[in-house]
Amino acid sequence: MSVERNPQAFENAPINWVPAIVLLSTPLLAIVLVPWYLWTHGINPAVWVAFAFFMAWTGLSITAGYHRLWAHKAYDAHPAIKYFLLVGATLAVQSSAFDWCSGHRTHHRHVDDEYDDPYSSKRGFWFSHIDWMLHKYPSGQYDYKNIPDLKKDKILQIQHKYYGLWVVLSNLIIVGLAGLMTGDILGTFIIAGLLRMVLTHHFTFFINSLCHMFGTRPYTDTNTARDNPILAIFTWGEGYHNYHHYFQYDYRNGVKWWQYDPTKWLINILHKVGLAKDLKRVDDVTIKHAEVVMQFKRAQERISQVGDLSLDDRLTIFKEHISAEYDAFTQTVEEWHTLKAKSMELKRTEFANRLHEADEKLKEQFAQIEAKILSHSERIQHAYLHLKGKSAQ
Ligand SMILES: [Zn+2]
Ligand SMILES: [Zn+2]
């Protein structure tokens, strides 16, 4: 999909009435009803358990379902899981899977483009957070050409066709049933229904707005997406958005073992019990390579910022170190490319029994390359320490 580059069409975009009413009235209702309910009824622990359950179910259905399963095909799930996630995502009231995934694939393809990215951060916080849904902007009119795979799915077709009905019924029946279980129907609707929906909305919207504004860019600076560990807490691990925009098919967003990504953990657990398969992961060398390329870029920027103004010895040494290190790194990358070509060739020509033997050797060689890339990274850090005068020397 490509949008006509006409600023007028954006300025005069008509109001998108149904989403506008839902998205503007629900937070207002929550602001009034939640304090009123707490004041008059006090805290009912069962209602808050229901709230936590619906927060987790609907939030993870968006991240593990709409996002990583359907929009990116980062893994495959057992039908029972798929439909459980589909119901959860419907409860979240974030449009049909067709709309959500088509818009999201367009966002990745045209990230930051003012006309083609449906929630372009280049149009500011308000637009990328919520306004893109409040008006019928040209960038928000999907032709669904980018979701041929999803269009084949019968259940997704039905969800799209009867989306409004699905949203109303799921929220009335499922939240209503939870209300019967807690013994406080009104409280369950206000806290586990309304408040939960508003919070899940805005936590998801943060990814399009704040995650394109605040945070670090360890993997690429060719787009505005940021890694933000604080936002990861609210978004079930989706705060590692810089990684995600660079390696969008990886089922992990927080790729390091210590990064908070409950969506990744959920997919891992489902995989362990046989309910998820074909988990796609980018290999460690490729990830580390992207990081080191960014480190060199930052070092180069640092040099060019102060380069002409300072004749400091430390800066000269830093420049020399970085330049020598970059030559060594280029050589490592060449070795890595040669090894990758060799590995492809072997897989094409070797017989299965010999391939296994060759594979072990290749694994070792890839590990050596990874260690080399890591040592380049360490030496860049060391050069920085020296530049700051913190070095032992
Ligand atoms: Zn994004
Ligand atoms: Zn994505």
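## Close-up views of a predicted helical model

**View 1. H110 in its loop.** H110 is found in the loop between α5 and α6 (125–134); helices here are DSSP runs of H or I with at least four residues, strands are runs of E with at least two, and both are numbered from the N terminus. This is a predicted model, in which local features need pLDDT of at least 70, side-chain atom pairs count only at pLDDT 80 or more, and totals for chains, interfaces and linings use all residues. Residues are numbered from 1 along each chain as its sequence is written, while chains are lettered from A and ligands numbered from 1 in the order in which they are written. Is H110 buried, exposed or partly exposed? H110 counts as partly exposed because 18 other C-beta atoms lie within 10 Å; the cut-offs are 20 or more such neighbours for buried, 12 or fewer for exposed, and in between for partly exposed, with C-beta atoms placed from the backbone. Leaving out residues up to four places away in sequence, H110 touches D116 and D117, where contact means C-beta atoms, placed from the backbone, within 7 Å. N223 is 113 residues from H110 in sequence, yet the two C-alpha atoms are 9.9 Å apart in space.

**View 2. The whole chain, for orientation.** Let us step back for a moment. The protein has 16 helices and 2 strands, and its C-alpha trace spans about 70 × 60 × 50 Å along the principal axes. Of its 393 residues, 36% count as buried. Among contacts with a separation of 6 or more, 69% join residues 24 or more positions apart.

**View 3. The largest nonpolar core.** This core has 42 residues, and those with the most contacts inside it are Y66, A97, C101 and A192. A nonpolar core is a set of buried Ala, Val, Leu, Ile, Met, Phe, Trp, Tyr and Cys residues joined through C-beta atoms within 7 Å. Two or more residues come from each of α3, α4, α5, α9, α10 (185–208) and α13 (262–272), with α3 giving the most, 11 residues. A second, separate core of 22 residues includes V111, F205, C211 and L231.

View 4. V93 lies in the loop between α4 and α5 and has a positive phi of about 55° although it is not a glycine. V93 is buried because 20 other C-beta atoms lie within 10 Å.

**View 5. D278, another positive phi.** D278 sits in the loop between β2 (276–277) and α14 (284–306). Its phi is near 55°, a positive value in a residue other than glycine. D278 counts as exposed because it has 11 C-beta neighbours inside 10 Å.

**View 6. The kink in α2.** Helix α2 (residues 17–41) has 25 residues and reaches 34 Å from first C-alpha to last, close to the expected 36 Å. Where does α2 kink? The kink, of about 25°, is centred on A30; the bend at a residue is the angle between axes fitted to the seven residues ending there and the seven starting there. G42 follows α2 and has a positive phi near 70°.

**View 7. Annotated spans.** An unreviewed UniProt entry marks residues 20–39, 46–69, 162–180 and 186–207 as "transmembrane region"; such positions use the numbering of this model, feature names are shortened, and annotations may be inferred rather than shown by experiment. Residues 20–39 are 100% helix and 0% strand, with end C-alpha atoms 29 Å apart. Residues 186–207 are also 100% helix and 0% strand, and here the end C-alpha atoms are 31 Å apart.

**View 8. W336 in α15.** W336 is found in helix α15 (residues 313–349). W336 is buried, since 20 other C-beta atoms lie within 10 Å. Beyond neighbours within four places in sequence, W336 is in contact with V285 and I369.

Notes: Two residues are in contact if their C-beta atoms, placed from the backbone, lie within 7 Å. The expected span of a helix is 1.5 Å times one less than its number of residues.
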